Amino acid sequence: MATHALVVNGLVKAFGTKQAVRHASFSVARGEITGFLGPNGAGKTTVMGMIIGLLEPDAGTIEFLGRRDRSDLSIARARSGYLQERPRIYPEMSARNYLRFFADLYGVPDAAMRVNEALDRVGLRSAAERRLGSFSRGMQQRACLARAMLHRPEFLMLDEPALGLDPNGVADMRAIFREMKSDGVTLLFSSHQLAEMERVCDSVVFMREGEVIAAGRPSEIAPGGWANGGLRAEVFEAMDNALKAISAMPEIVEARQVGPQHLLLHLKAFPGDARTARAQAASLLSAAGLTVLSVDVDMPTLEDVFLGLTRPEFVAGHEPAATLM
Ligand SMILES: Nc1ncnc2c1ncn2[C@@H]1O[C@H](COP(=O)(O)OP(=O)(O)OP(=O)(O)O)[C@@H](O)[C@H]1O
């Protein structure tokens, strides 16, 4: 079986003179959760629309669930589910009737059983007879998710499923995603909730102004890898003295103050594992005569990476008060 559920290559889409998607290429591994990131207007919805067949690409190829030809793509699409941004609900319908309506519309076999299965999957079985209009935003979103999974898709694509949800709703969504993943479903979803993405995604794809500007594991895509985050050391001495003490050390390529007693260090040769890196930094600082109170790996968060990629002039968190080099 192919390792990728989706391979998008050189996708292009313009609306009039607006280039919405410019040669976007990325892939989604089978059985994984992939996050689709980018500022408003980056082109995520347009790419999703082309994958699912709502929009025709101007150029590029889409290999979806092993199918590539135009006629074959519809077979792949039938094996996938799509939840659009702000899906429509029918407030007067009960959750059960809503799902039954779509199950019949799509010709889903064993509709009654599949409706129960989908209700169970999103935790709405006990609320099945209630009107959708009486549901919270999170419950409505779960009902829509249930609708997208009635036909047991092997690939689920969701456009901002966490939009407008409170923390409980987001946590519920996360639990559902994890459960689906453990059942072998591949998920691609867009979101602006970066911390949430970090918790649930195996991989992420960043878009900006129609282009894919980075893709990979959250821990890998920080420019320079995780070493880019550096090591955060707390020392006892005054910062000026600390920076002076290590200024001549060739093993430390960069050091700057990131807190009252904290230094952010980048080592010249970054050890492969975090523990060794911390030990090495501690011994270097001690050798410089400093009293080391703690050393931790300072991993860039997905938010740092997002801001670094989309607004390079602004990198969150670290206010360099003093810099060596
Ligand atoms: N039907 C359309 N006609 C004209 N322009 C469009 C159309 N659909 C999208 N666009 C434009 O294409 C660009 C990409 O939009 P798209 O909705 O794909 O971005 P997005 O990354 O999904 O944004 P958001 O995070 O806000 O949902 C935007 O500039 C948008 O205004």
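How many Å separate the centres of domain 1 and domain 2, taken over C-alpha atoms? I looked this up and got 40 Å.

**Ground rules.** I am working on a predicted model, where local features need pLDDT of at least 70, side-chain atom pairs count only at pLDDT 80 or more, and totals for chains, interfaces and linings use all residues. Residues are numbered from 1 along each chain as its sequence is written.

**Domains.** I noted domain 1 as 4–216 and domain 2 as 226–324, with bounds from an automatic or database domain assignment. I then looked up the contacts (C-beta atoms, placed from the backbone, within 7 Å). I found 11 residues of domain 1 in contact with six residues of domain 2. On the domain 1 side, helix 7 (194–200), strand 8 (203–208) and strand 9 (211–216) each supply at least two residues. Helices here are DSSP runs of H or I with at least four residues, strands are runs of E with at least two, and both are numbered from the N terminus. Helix 7 gives the most to this side, four residues.

**Helix pair.** I next checked helix 3 (residues 95–105) against helix 5 (residues 137–148), which pack at about 25° with axes 10 Å apart. The axes are lines fitted to C-alpha atoms over the stretch in contact, and angles run from 0 to 180 degrees between N-to-C directions. I therefore logged helix 3 and helix 5 as roughly parallel, the term for angles under 35 degrees. For the contact itself, I listed A95, Y98, L99 and F102 in helix 3 as meeting A143, A146 and R147 in helix 5.

How values were computed
Contact = placed C-beta atoms within 7 Å. Parallel < 35°, antiparallel > 145°, perpendicular 65-115°, else oblique.
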